[in-house]
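Keep the sequence and the structure side by side as you read.

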Amino acid sequence: MKAPPVSGRRQPTAWLAALALAGLGLLLATPARAATGLTELPGQAGDGPVTVFYPSSASEQPLQRGPFTLKLAWQGEPVRGNARLVVISHGSGGNPWVHADLAGALVKAGFVVAVPQHRGDHTGGFTDPGPTSWKRRPGEVSRAIDALAQSPRFAPLLALDWVGVYGGSAGGHTALTLAGGRWSATRFRDHCEAHIAEDFPSCVGFTTRLRGDVLDPLKLSLARAVIRWRFDDVSWHSHHDPRIQAAVASVPFAADFDLDSLRAPRIALGLVVAGRDVNQLPRFHVGAVRAACGPCVVIADLPEAGHGAMLSPLPPFPPGSLEHDLLGDPPGFDRAVLPEVDRQIAGFFRQHLLAPP
């Protein structure tokens with residue numbers, strides 16, 4: 001007589017089938033990808049507002065911000081993502097909207113994204129660009145993290161012990177500072193004394209440019225005089241926030257850094273390189289950091305890109321304007337590569353923030 005089957009011997013097949021059905025049920029019950037929510041928090045200590053992009057259960061609707069029509073869920077209910085925050089430091093004269101595509105990719109990957117308004121160096125108030133703003137910016141990033149930590153809507157959804165920072169141009173300078181770099185105004189002055197003709201936009205900003213005419217010597221002379229007068233502070237500037245554990249510097253201003261301070265950054269540091277950047281020549285800026293920093297990861301090397309490549313959506317710069325000449329796309333650059341670059345940036349933050357060593 002055959003012994004009766006031992007309980008469970010025939011169960012694996014049934015158990016796997018039940019598990020598969022349960023998994024299918026969960027899959028079918030899972031809502032579609034969270035929408036990208038949008039809200040604004042008041043800044044800390046007199047800072048400007050902090051714009052927040054986040055996973056939301058609400059539906060996205062067309063929303064006008066500046067010259068852009070974006071699809072976002074304004075004041076939508078937040079939902080839990082991966083519990084990590086990435087702060088975006090906008091460029092000089094910038095705003096959150098030119099980083100909306102990257103913010104959306106980060107939200108799709110589960111991150112909450114905060115964009116502090118940098119005082120005196122944003123679209124609505126362009127009074128203190130350059131070293132004056134660079135001194136303030138890292139503290140503004142830290143206080144943006146504080147704003148999320150004190151928000152009843154977002155604090156329960158976030159673990160703020162491991163935070164990421166992304167910055168482009170002047171925001172890239174912020175990212176390098178938060179990664180452990182130190183810089184000084186006199187190094188900015190010395191760089192411009194030595195290389196002002198080659199790196200003129202970096203030294204004077206969006207006020208004028210060299211055009212190869214009889215006015216160029218006067219422009220160079222006046223620029224040198226102003227820089228010598230304004231930038232004589234020999235102090236080293238740095239900022240340490242132990243919550244920040246990964247940073248990405250895209251086309252950063254970097255000629256004023258002590259490169260030894262970036263040879264071994266205190267945190268994971270990624271770089272985005274634009275080969276045809278005429279606003280911050282790569283050999284003086286991101287290329288110099290890349291050469292000095294052994295552990296740095298080049299997330300994207302875009303040989304045909306200009307300085308404004310990572311502004312997405314790109315503002316409608318008037319043809320012939322300084323902004324168009326310095327930030328517009330060079331002929332031949334294909335913006336179709338940018339979604340993949342955004343995914344690579346999100347992947348860098350996933351790697352270094354979701355599974356800390």
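Start with Ala45. Ala45 is exposed, because its relative accessible area is 73% (exposed means over 50% relative accessible area, buried under 20%, and partly exposed in between, with a 1.4 Å probe and protein chains only). This is a predicted model, in which local features need pLDDT of at least 70 and side-chain atom pairs count only at pLDDT 80 or more, while totals for chains, interfaces and linings use all residues. Residues are numbered from 1 along each chain as its sequence is written, and side-chain values use heavy atoms, with hydrogens and water left out.

Ala45 sits in the loop between β1 (35-41) and β2 (50-56). Helices (H or I, at least four residues) and strands (E, at least two) are DSSP runs, numbered from the N terminus. The backbone at Ala45 has a positive phi of about 55°, although Ala45 is not a glycine. Most residues other than glycine have a negative phi, and most peptide bonds are trans.

Ala83 also has a positive phi, near 75°. Its place is the loop between β4 and β5 (85-89). Is Ala83 buried or exposed? Its relative accessible area is 16%, so Ala83 is buried.

The peptide bond from Ser312 to Pro313 is cis, with omega near 10°. Pro313 belongs to the loop between β10 (297-302) and α9 (322-327).

Now turn to the helices. Helix α7 covers residues 216-230. Its 15 residues should span 21 Å at 1.5 Å a residue, and the end C-alpha atoms are 21 Å apart, so the two values agree. The expected span is 1.5 Å times one less than the number of residues. Which residues of α7 are buried? They are Asp216, Lys219, Leu220, Ala223 and Ile227. These residues cover an arc of only 95° around the axis, so they lie on the same side of α7. The arc is that of the directions from the helix axis to the C-beta atoms. Pro217, Leu218 and Trp229 are exposed on the other side of α7.

The cover over the buried residues of α7 includes α5 (185-195) and α6 (200-204). Look at α5 in turn. Its buried residues are Ala185, Thr186, Phe188, His191 and Cys192. They pack against α3, α6 and α7.

Next, find Phe348 in helix α10 (residues 338-353). Phe348 counts as buried because its relative accessibility is 4%. Beyond its neighbours within four places in sequence, Phe348 is in contact with Ala246, Ala247, Val248, Ala268, Leu269, Gly270, Val297 and Ile299. Contact means heavy atoms within 4.5 Å. Take Ala247 from that list. Phe348 and Ala247 are 101 residues apart in sequence, yet their C-alpha atoms are 9.1 Å apart in space.

On a 1 Å grid over the protein atoms alone, a cavity is a set of points where a 1.4 Å probe fits but cannot get out; a pocket is an open set with protein on both sides within 12 Å along at least five of seven lines; lining residues have an atom within 4 Å of a point. Grid points are joined across faces, edges and corners, and a volume is the space filled by probe spheres set on the points.

The second largest pocket holds about 430 Å³ of space. Of its 18 lining residues, Thr36, Ala100, Asp101, Gly104 and Ala105 are the closest to its centre. Strand β4 (68-74) and helices α2 (100-108) and α10 each supply at least two lining residues. By class, this lining has eight nonpolar, three polar and seven charged residues. Here Ala, Val, Leu, Ile, Met, Phe, Trp, Tyr, Cys and Pro count as nonpolar, Asp, Glu, Lys and Arg as charged, and the others, Gly among them, as polar.

How many cavities of 30 Å³ or more does a search of the whole structure find? It finds one. The largest cavity has a volume of about 40 Å³. Its lining includes Gly43, Gln44, Pro116 and Glu140. Helix α3 (residues 131-149) gives the most to that lining, with three residues.

Finally, step back. The chain has ten helices and ten strands. Of its 357 residues, 52% count as buried. The C-alpha atoms fill a box of roughly 105 × 45 × 45 Å, taken along the principal axes.
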